[in-house]
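Hi there,

Here is the structure I promised to pass on. Have a look at it first, and my notes follow below.

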Amino acid sequence: MSTSSYLIVGAGVFGVSTAYHLIQKYPNASVTIVDRDAYDAELRVAASWDWNKVVRADYDDIVYCALAIEAQDVFKSDPLWQPYFHETGVYWVVRNDYAQNVIDNYKKLGRKADIKALPLAEAKKLYGGLFENADYSDAKEVLINETSGWAAAGDSLRAVTRRAIELGVKYVVADVHTLQFNEQGCCGVKTAKGDVIKADKVILCSGAFTPKLLEYSAVSSGNIALRAEDRILAGGITTGMTTLDDKAYNERFASMPVGFQGYPAEVGPFIGSLPPTKDKELKWWGPTIFSNTQEILPGRHVSAPPAHSDYAQWKVSRKMKEDIEVAKKVFYGSEAASWKMDKYRVCWDAFTSSGDFIISPHSAAKGLYVATCGSFHGYKFFPVLGKYVVQMLEKTLSPELTEKWAWDRVRPDPALNPEYPRAEMKDLLDTVAKL
């Protein structure tokens, strides 16, 4: 592997972390990232390009709990990552056994942390009563984990990409159109302009674009087994921000934790409210996760982001904005009614029905690998994702993770996953914001 050439499609957290770990372990290898956007562009389509993202290890799945703790330790100690992490804690309104399962996982892993489940009445008094007027309907308790927090996502992505380039990673700005193949297997990509970029190993870290890329590649190559089929679904969610005035920021929000409203699978996904940025901007995401099914080739319907260079991420419909109003209300009640929203954005990612990543060889072509499907929870693993992608490439990934992240595996009913897209984008559009 030390003299192999690697082409990574996509410069989000999966792609950049993979490049960073590859070039550190194999400094003589040729490692290239290709992405439609420059890494330091003002606007990007990567799910991890964002104002801020949650960094937590509060998982009831012990595998992800352990991986998130590992990543969090890097965020807290490594000078490359440390400037972007803010240990604010989390305040999680729980409606099932989630809190106890998380606490049990910490105990099983031998991890000591300031983590506890509190009765509702006691929890409401915390943080100056910040969440006193939140929605506690059907709530059981509140999980507090003081060791979790958030990170400046876009800033950290730029910093780590810059460091990878300094170490020798090449970064190419181009739209990838199809994969390229020869007698041995996958050998590179062809761009929308017709340029071919070759490599011994091609790693798809292409997020929400992955199903569409594989559809085009299946047709151009004649290898229909390349298709993602029901393994991967592109999904979007609406985020929004308001700017706090100095009084509200200083008296109420400067020391706030990340807030979560957790719901059972039959209700829908958990909703989050992130602490204000340095510009006093408070962010939420809405409760509706949607797909965007479209006919991208004759007879082939696939969910994909809108066919705009920026995924039309700033064109947010009235119904999408209403999603943010719901999120505001369930955290702050009537207090939020007068807040003016300054920004809205639609964020896209790739999902599996289980919420698991795919980090695996593609079974339809030698030399082709897949490392994606953040399912809107991938960012927090940014420091360590590449470590496990490299293990997959080396065939040293543990049997447990190999099975969990396999391209071909038994996948559960998506109805069991509250974070799986359940709506269609076309049903959320209006004439003002029609794409």
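Strand β17 (residues 281-291) runs antiparallel to β16, and two bridges join them; strands here are DSSP runs (E, at least two residues), helices are H or I runs of at least four, both numbered from the N terminus, and two strands pair if DSSP finds at least two bridges between them. Across this pairing, Ser 273 stands opposite Trp 284 in β17. The β16–β17 hairpin has six residues between its strands, and there Lys 280 takes a positive phi near 65°.

This is a predicted model, where local features need pLDDT of at least 70 and side-chain atom pairs count only at pLDDT 80 or more, while totals for chains, interfaces and linings use all residues. Residues are numbered from 1 along each chain as its sequence is written, and side-chain values use heavy atoms, leaving out hydrogens and water.

β16 also pairs with strand β15 (residues 258-261), antiparallel over three bridges, with Ile 271 as the bridge partner of Gln 261. In β16 (residues 271-274), Ile 271 and Ser 273 point one way, Gly 272 and Leu 274 the other, and all are buried (under 20% relative accessible area with a 1.4 Å probe, protein chains only; exposed is over 50%, partly exposed in between).

Now to helix α9 (residues 382-394): 12 of its 13 residues are buried, so the rest of the structure largely encloses this helix. Among those buried are Phe 382, Tyr 388 and Glu 394. Lys 395 follows α9 and has a positive phi, near 65°.

Enjoy exploring!
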